[in-house]
Amino acid sequence: MSDVKKFMYLNRRAPYGAIYAWESLEVVLIGAAFDQEVSLMFVDDGVYQLVKGSDTSESDMKNFMPTYRTLGDYGVRHMFVDKASLEARGLTQDDLIEVAWEDWETEEEVDNIVELVETDQAAQLLSDSDVVFSF
Amino acid sequence: MADLYTVNKSPFEKNSLKDAIRFSGEGASILLIEDGVYGAVSGTAAEGLVTGASGKKFYALRSDVKARGIAEDRLIDGVELVDYAGFVDLVESTDKVQAWL
């Protein structure tokens with residue numbers, strides 16, 4: 001299909017201190033319904049959105065971390081994480097959630113679509129996208 | 001007595017923590033809340049702000065630490081976790097509150 005566009009969602013904010021992460025997630029879920037090629041990029045404090053072990057039981061906030069794990073089921077094909085941002089925060093891929101993806105028609109499966117990228121790779125991915133949404 | 005400084009922004013995004021430390025006096029209490037708790041984590045590029053500050057006592061709000069998936073053993077040595085009641089105790093035991101946003 002020639003009218004499939006590459007959508008990139010660029011996430012640069014931590015998950016709970018502001019509404020950006022939650023809003024981004026909502027827009028991704030809506031956009032994914034339109035059969036476009038959807039990728040997410042996590043840069044700067046955005047990498048905190050994927051840190052596992054979130055417990056909001058004492059905070060009166062909704063824990064929306066489980067929603068990220070379902071993104072593969074909504075057709076999100078790639079979740080890229082800027083390695084430099086992760087390292088600056090003392091984190092490694094082991095600290096991040098895993099998100100599985102499966103193509104229902106071809107039965108192609110990927111165990112984890114969360115992928116660390118170098119800054120120049122990230123720059124290229126953003127450049128190659130048709131649309132970039134920033135949050 | 002000295003003041004209580006609250007910091008609610010990530011040290012990677014804003015200078016709030018750096019400035020709260022810079023403009024706070026000897027004996028100040030600095031309480032990290034909301035995204036400010038990222039400043040209490042060891043092994044990050046920002047940990048020097050807290051480890052390099054002398055004569056100040058640092059606290060972090062437990063519920064915000066937990067919500068962000070930060071394990072307690074990753075906090076910088078000397079940072080004390082407080083709950084909401086502990087927050088109130090700090091407000092009560094200091095001269096006044098300065099919120100650094």
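Which residues is A:Val114 in contact with, leaving aside its neighbours within four places in sequence? They are A:Leu50, A:Met79, A:Val81, A:Gln93, A:Leu96, A:Ile97 and A:Val99. The model is predicted.

**Chain A: overall**

- Chain A has four helices and seven strands, and its elements run β-α-β-α-β-α-β-β-β-α-β from the N terminus on.
- A compact globule of 135 residues would have a radius of gyration near 14 Å, and the 14 Å of chain A agrees with that.
- Taken along the principal axes, the C-alpha atoms of chain A fill a box of roughly 45 × 30 × 25 Å.
- Of the 135 residues in chain A, 41% are buried.
- Among contacts in chain A with a separation of 6 or more, 77% are between residues 24 or more positions apart.

**Chain A: A:Val114**

- A:Val114 is placed in strand β6 (residues 114–117) of chain A.
- The relative accessible area of A:Val114 is 4%, so this residue is buried.
- A:Glu102 is 12 residues from A:Val114 along the chain, and their C-alpha atoms are separated by 14 Å.

**Contact between chain B and chain A**

- Chain A gives 23 residues to the contact and chain B gives 17 residues.
- About 1600 Å² is buried between the two chains, with carbon and sulfur atoms giving 44% of this area.
- On the chain B side, B:Tyr38, B:Lys66 and B:Ala67 lose the most area to chain A, and together they account for 30% of what that side buries.
- Four salt bridges are counted between chain B and chain A, along with 11 residue pairs in polar contact (both at pLDDT 80 or more).
- Helix α3 (residues 62–67) of chain B supplies five residues, the largest share of the side of chain B that touches chain A.
- That side of chain B divides into five nonpolar, five polar and seven charged residues.

**Salt bridges between the chains**

- The structure holds 13 salt bridges over all chains.
- A:Asp95 and B:Arg74 form a salt bridge, with their closest N and O atoms 2.7 Å apart.
- This pair crosses from the loop between α3 and β4 of chain A, where A:Asp95 lies, to the loop between α3 and β4 (80–82) of chain B, where B:Arg74 lies.
- A:Asp95 is buried at a relative accessible area of 15%, whereas B:Arg74 is partly exposed at 27%.
- In the salt bridge of A:Asp55 with B:Lys66, the closest N and O atoms are 3.4 Å apart.

**Salt bridges within a chain**

- A:Arg89 and A:Asp45 meet through their side chains in a salt bridge (2.9 Å, N to O).
- The two residues are 44 residues apart, with A:Arg89 in the loop between α3 (83–88) and β4 (101–102) and A:Asp45 in the loop between β2 (37–42) and α2 (65–69) of chain A.
- Both partners are buried: A:Arg89 has a relative accessible area of 5% and A:Asp45 has 2%.
- B:Asp35 forms a salt bridge with B:Arg68, the closest N and O atoms being 3.0 Å apart.
- B:Asp35 lies in the loop between β2 (29–32) and α2 (47–51) of chain B and B:Arg68 in the loop between α3 and β4, so the pair ties together parts 33 residues apart in sequence.
- B:Asp35 is buried at 6% relative accessibility, and B:Arg68 is buried at 4%.
- Salt bridges with shared partners join A:Asp55, A:Glu58 and B:Lys66 into one network.

**Chain B: B:Asn8**

- B:Asn8 sits in the loop between β1 (4–7) and α1 (16–22) of chain B and is buried, with a relative accessible area of 13%.
- The side chains of B:Asn8 and B:Glu34 make a polar contact (3.1 Å).
- Not counting residues up to four places away in sequence, B:Asn8 touches residues including B:Asp35, B:Trp100 and B:Leu101.

Conventions. Residues numbered from 1 in each chain as written. Chains lettered and ligands numbered in written order. Predicted model: local features only at pLDDT ≥ 70, side-chain atom pairs only at ≥ 80, totals over all residues. Heavy atoms only, no water. Contact = heavy atoms within 4.5 Å. Buried area = accessible area lost by both parts, 1.4 Å probe. Polar contact = N/O pair within 3.5 Å; in protein donor to acceptor, adjacent residues only side chain to side chain. Nonpolar A, V, L, I, M, F, W, Y, C, P; charged D, E, K, R; others polar. Buried < 20%, exposed > 50% of the residue type's maximum accessible area, 1.4 Å probe, protein only. Rg over C-alpha atoms; globule rule 2.2 N^0.38 Å.
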